Amino acid sequence: MSLTSEQVRKVASLARLELSDAELSDLGAKLGQTLDYVARLNELDTDGVEPLVHAIELSNVLRPDVLAPSLPRDRGLANAPRTDGKHFLVPAILEG
Amino acid sequence: MSYDVIIGLEVHVQLQTVSKIFCGCSTAFNPDQPNVQTCPVCLGLPGALPVLNAEAFRLAVKTALALNCQIAGFTKWDRKQYFYPDLPKGYQISQYDLPFSHDGHVDVVTEADGGAVRRVRILRAHLEEDAGKNMHDESGRGRDSLVDLNRAGTPLVEIVTHPDLRSAEEARLFLQDLRLLLTDIGVSDCNMQEGSLRCDANVNLHVHQPDGSKVATPIVEVKNINSFRFTEQAILHEVERQWELYQKTKQTIKDAPKSTRGFDPARGVTYAMREKEEAADYRYFPDPDLVPVTVTDEQIATLRGELGELPAARRARYRDQYQLSAYDAGVIIDQGREYSRYFEVVAEGCGDGKQAANWLTQDVQRELNERGLTIATFPVPADVLADLLKRVTNKQLTIKAAREVFGALLEGEETATTARIEAIVAERGLAIVQDDGAIDAAIADVIARNPKPVADFKAGKQQAAGALIGQVMRAVKGADPQQVRERLIAKLSE
């Protein structure tokens, strides 16, 4: 089952991806295949099976409330496309 | 035509931990040094793994218990996905379908002494991480926005109420009670200037129709209000605006989706915020980086035991046990648990709760403000103040003299002790003279030397007694003015 271009466009826009028309139809088919594959799980009878919330059967992994060293500012900012030496810089955000 | 105002609140409260919710970076409020409290976890760098802060979870459960919530025995973490520059991972770690608590309530006293109570049901309280802070260019020239991620990853409890509040004032009272409750149990400082308590208000009207039915207006969410006064103002404005709009357009909840507005404190009005083209689609899914948390009944019982006496119970007890007005009880309880304990020691020690409250809300409060102290660093211990006030209740000192001793205790170099009170009273001759003979002799003398005022008094001029009382007081230092007045008038009336 192939996804429609509209469906692909919506998913792409949620992921902030800009796709050409050719990519939209190509991805529609490919995502459809993936969904078909996953849909095979529907063949299993899951009546009476508790939903699994985590793949690892582990719980209560906690750490004490103590400080650990933070990164020096220049290291924290090192991967940013643009900085003023103190902040991450991003294109002006419009609000209101 | 009339209407009911329907308000529900979403409140974000910052928990008082040392480190962030999923990493060891500091949660200190530090706007002057941006981006010095970050690490690979809160920056969302590839390969970094979050680990839950045990204290954040403990404080969150305490919060929920104080809100009378049910605690889930099993809770998990979800990713709420959206793009915004203050959210480095592209998702916020939050809780979606299995929050750690649900279904509680807070009873808000809506009339100071009338005892009217509004029960506000709590839908749920869940834990999540805070985002960073964006700073926008105010020049209007479209310069870059600046992002500070010091705050990213700070633990927050989001408290969601049912739409049970019925006025702007009730909303403010609810927030004030909530702040008192959460600071009292020590889970948050609720400092609104530093953003430790933030509020969104959902507001609409139920308009009464001639046939007795009610019609709901579209719901408006007013975002990110950061003071109690602004919450009240924003809701008042929103109610007025929606009522006018309804009268013009007759638009109901079925005609328009929920919309989002901001609040401009300078103008006291709400304003439309840019609507997204599509409804928010956060695509929540379980966070594979974090495992679930389970809580046992024993752990819940332990935390419940740690809550102690909550402010509402203390307020009622102060009214019954010490006959305090709701106002005085509120002033004392608002100052926190240590202040309340101090008050109780003074009240028990001097045997007069009202007098203790007067001193705590006036003299002590004033000295604390002027000296920039807290009750913990106040130089007069509770048992010493209790001893001083007991001397007033026992008629050994006048209130005026007690104030003088109190001032001397504060000014003096020496530690404030009961022995010190004794010494100051003796040095300054402040003790009330109980010697009836001396007082009666002075009265007889004053009457003999002042025929005119005595005649005036006998002719019905009550105020003539004032000058005579003054003379007796000067003659017998430390006499109780009340006692002098009574004995003098008795003598004149013979």
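Predicted model: local features only at pLDDT ≥ 70, side-chain atom pairs only at ≥ 80, totals over all residues.
Residues are numbered from 1 along each chain as its sequence is written, chains are lettered from A and ligands numbered from 1 in the order in which they are written, and side-chain values use heavy atoms, with hydrogens and water left out.

Counting residues, the contact (heavy atoms within 4.5 Å) takes 57 from chain B and 37 from chain A. Two salt bridges turn up across the interface, each being a side-chain nitrogen of Lys or Arg within 4 Å of a carboxyl oxygen of Asp or Glu. Arg82(A) and Asp144(B) meet in a salt bridge through their side chains, at 2.7 Å from N to O.

Several elements of chain B each supply at least two residues of the side that touches chain A, among them helix H2 (54-66) and strand S16 (269-272). Helices (H or I, at least four residues) and strands (E, at least two) are DSSP runs, numbered from the N terminus. The largest share of that side, four residues, comes from S10(B).

There is also strand pairing between the chains, which takes at least two DSSP bridges between two strands. Strand S1 (residues 62-63) of chain A is joined to S2(B) by two bridges, and the strands run parallel. Leu62(A) has Leu52(B) as its bridge partner in S2(B).

As for chain B itself, it holds 16 helices and 18 strands. Its radius of gyration, taken over C-alpha atoms, is 31 Å, well over the 23 Å that the globule rule gives for 494 residues, so chain B is more spread out than a compact globule. That rule is 2.2 Å times the number of residues to the power 0.38. The C-alpha trace of chain B spans about 95 × 60 × 55 Å along its principal axes.

Within chain B, S8(B) (residues 117-129) pairs with S7(B) (residues 101-109) in the antiparallel sense over eight bridges, and His105(B) has Arg121(B) as its bridge partner. S8(B) also pairs with S11(B) (residues 155-161), again antiparallel, over seven bridges; here His126(B) stands opposite Glu158(B).
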